[in-house]
Amino acid sequence: MSKYYVTTPIYYVNDVPHIGHAYTTIAADVLARYHRRLGDDVFFLTGTDEHGAKIAEAAAKHGVTPKQFVDTIVERFKEAWKALEVSNDFFVRTSDPHHEAGVANFLERLYASGDLYKGTYEGLYCVGCEQFKTEEDLVNGLCPYHNVKPIWYSEENYFFRLSRYQDSLLRALTDPSDPNHYLVKPTSRFNEVLGKIRLGLSDLSISRASLAWGVPLPFDPSQVVYVWIDALLNYVTAIGYPDDMKHFHRYWPADQHLMAKDILWFHAILWPAMLIAAGLRPPRAVFAHGFFTIGGQRMSKTLGNVIAPSDLVARFGADGARYLLVTDFPFGTDGDFNLDNLVTRYNAELANDLGNLINRTVSMVNRYTEGAVPSPGALTEADAEVKAMATAMFEQIDRALDDLDFVTAADAIRAVVSRANRYVEETAPWKLAKGDLERLTTVLYVLVETERLVGVALWPFMPATSEKVLDELGVAGQLSRTWGVTPVGSRVSAQPRPLFPRIEIGAGLTH
Ligand code: MSP
């Protein structure tokens with residue numbers, strides 16, 4: 001058994017969750033569920049980033065303390081993930097005392113190893129990004145992400161000797177035999193990261209004198225830890241660092257950090273350098289997916305096009321929302337969500353292809369063999385072809401998910417569903433029922449077994465649907481990936497229930 005530790009970014013709680021957050025979280029959930037089914041010892045982590053100027057400002061705007069504010073918003077994230085059947089093993093909050101103690105411990109370690117020094121920071125800072133900016137980062141003097149002018153900062157701070165780790169990072173990235181080796185994916189992002197390191201790394205200010213909402217530096221409590229240093233450490237405190245090192249070593253290094261390209265620098269450069277400085281291994285892999293727009297526009301409050309995860313769940317159900325989000329465009333590239341297009345895909349791929357296939361099979365088993373799965377005869381060439389496709393599907397899924405290619409994995413399942421629908425048309429069981437009962441029983445068995453395998457394969461993407469499919473076919477809990485597991489005589493559902501009610505185009509979302 002191998003272990004598999006997968007993480008999402010911890011999201012800022014200055015506002016409620018939207019489907020940008022859901023996108024990464026669902027992707028991580030698919031991976032977590034997939035690895036659990038492989039029998040791996042999985043730890044799936046998500047959580048919230050609760051300190052820093054951005055959160056303190058949002059709380060002040062609402063006239064409450066930061067702690068009161070984050071305690072309310074965090075519930076919205078938890079509810080959203082619950083509604084989407086997200087199966088995280090732990091939910092980390094950076095305002096949690098255990099996390100705060102871990103941050104202090106880690107900084108103490110960096111201080112002791114000579115990786116921190118006192119200096120003066122002067123420059124620009126975007127509170128929206130919680131990030132230092134250079135003139136080159138700005139467009140017409142504004143932060144391109146938040147359309148605001150960064151503030152001028154001048155403070156005595158502690159600095160992390162990031163520049164010291166330039167060579168170690170280059171080696172770790174490019175030499176697979178380096179003990180600190182880690183991967184950055186996709187390749188275009190890897191090249192981007194390599195380019196940035198080669199340009200040279202500057203030391204980084206890692207504390208704030210003028211902010212109270214954060215973790216005090218253990219060696220100088222007049223300053224709090226910079227929110228990004230605090231946040232990145234969630235990946236180790238959540239698994240037990242520093243007081244439960246047994247649990248920590250069970251899962252560290254993380255196997256997969258997921259995020260979008262906006263925060264790749266922190267995960268692929270700063271974080272590995274911090275870990276190496278503290279004598280810990282970098283994560284094994286960092287994957288930055290793309291950013292999506294809605295109908296061609298950035299999601300933003302001002303444009304009024306922010307979609308809440310609950311809107312999608314209300315429209316498509318949890319499984320529909322999961323499936324449509326994570327398979328709409330290749331993971332790793334930018335994409336655009338078009339709501340009408342999602343409805344079209346839902347109706348075609350889920351209601352028609354998948355829903356109808358299960359429904360008609362269950363109906364036919366009820367009609368022709370009294371609801372009991374019949375014993376198959378010898379397989380013909382056409383039967384064998386369907387069988388071969390259904391069993392090969394898992395190898396395709398394994399390969400695709402190893403590469404975080406959710407689209408190709410889902411395509412492999414869809415191809416089997418389409419083939420099975422065509423098989424129904426070609427074999428026409430309603431005609432066989434009038435004379436060729438031997439052939440009819442074989443066809444029905446091939447269909448049930450193929451659909452059982454489809455049901456098994458669907459679980460990481462659509463857990464409730466997967467379970468419903470197996471229930472409908474009367475094979476709940478029969479999770480083997482090999483052919484021929486459906487027991488002859490098992491009883492399909494007496495009344496087929498529609499899996500995906502059709503949706504009208506243009507009905508819009510619920511808000
Ligand atoms: N708090 C930091 C992360 C700290 S991790 C140690 C943060 N939070 S965030 O709330 O801004 O979340 C950013 C992440 O949300 C992105 O990296 C991505 O995972 C997800 N997305 C937010 N909007 C998105 C899109 N429009 N498209 C794709 N992903 C999106 O940064």
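Here are a few questions and answers on this predicted model, starting with the ligand.

Q: How many residues surround the ligand, and how much of the ligand does the protein bury?
A: Count the shell and you get 23 residues, with I10, T24, D49, A260 and D262 the closest. A nitrogen atom of the ligand has a polar side-chain atom of D49 2.7 Å away. Taken alone, the ligand would expose 680 Å², and the share of that buried by the protein is 93%.

Q: Which element gives the largest share of the shell around the ligand?
A: Several elements give two or more residues, namely β1, α1, α7, α8 and β12. The largest share is four residues, and it comes from β1.

Q: What kind of aromatic pair do Y111 and Y158 form?
A: Y111 sits in helix α4 and Y158 in strand β6, 47 residues apart. Their ring centres are 6.4 Å apart, with 80° between the planes. Planes over 60 degrees apart count as one kind, so this pair is edge-to-face.

Q: Which ring does the charged end of R208 sit over?
A: For K78, the charged end sits over the ring of F91, 5.0 Å from its centre. The charged end of R208 is 4.9 Å from the centre of its ring, which belongs to Y125.

Definitions and conventions. Residues numbered from 1 in each chain as written. Predicted model: local features only at pLDDT ≥ 70, side-chain atom pairs only at ≥ 80, totals over all residues. Heavy atoms only, no water. Near = heavy atom within 4 Å. Polar contact = N/O pair within 3.5 Å; in protein donor to acceptor, adjacent residues only side chain to side chain. Areas by Shrake-Rupley, 256 points an atom, 1.4 Å probe, with all protein chains shown as cover. Phe/Tyr/Trp six-rings, centres within 6.5 Å; stacked < 30°, edge-to-face > 60°. Lys NZ or Arg CZ within 6 Å of the ring centre and 35° of its normal.
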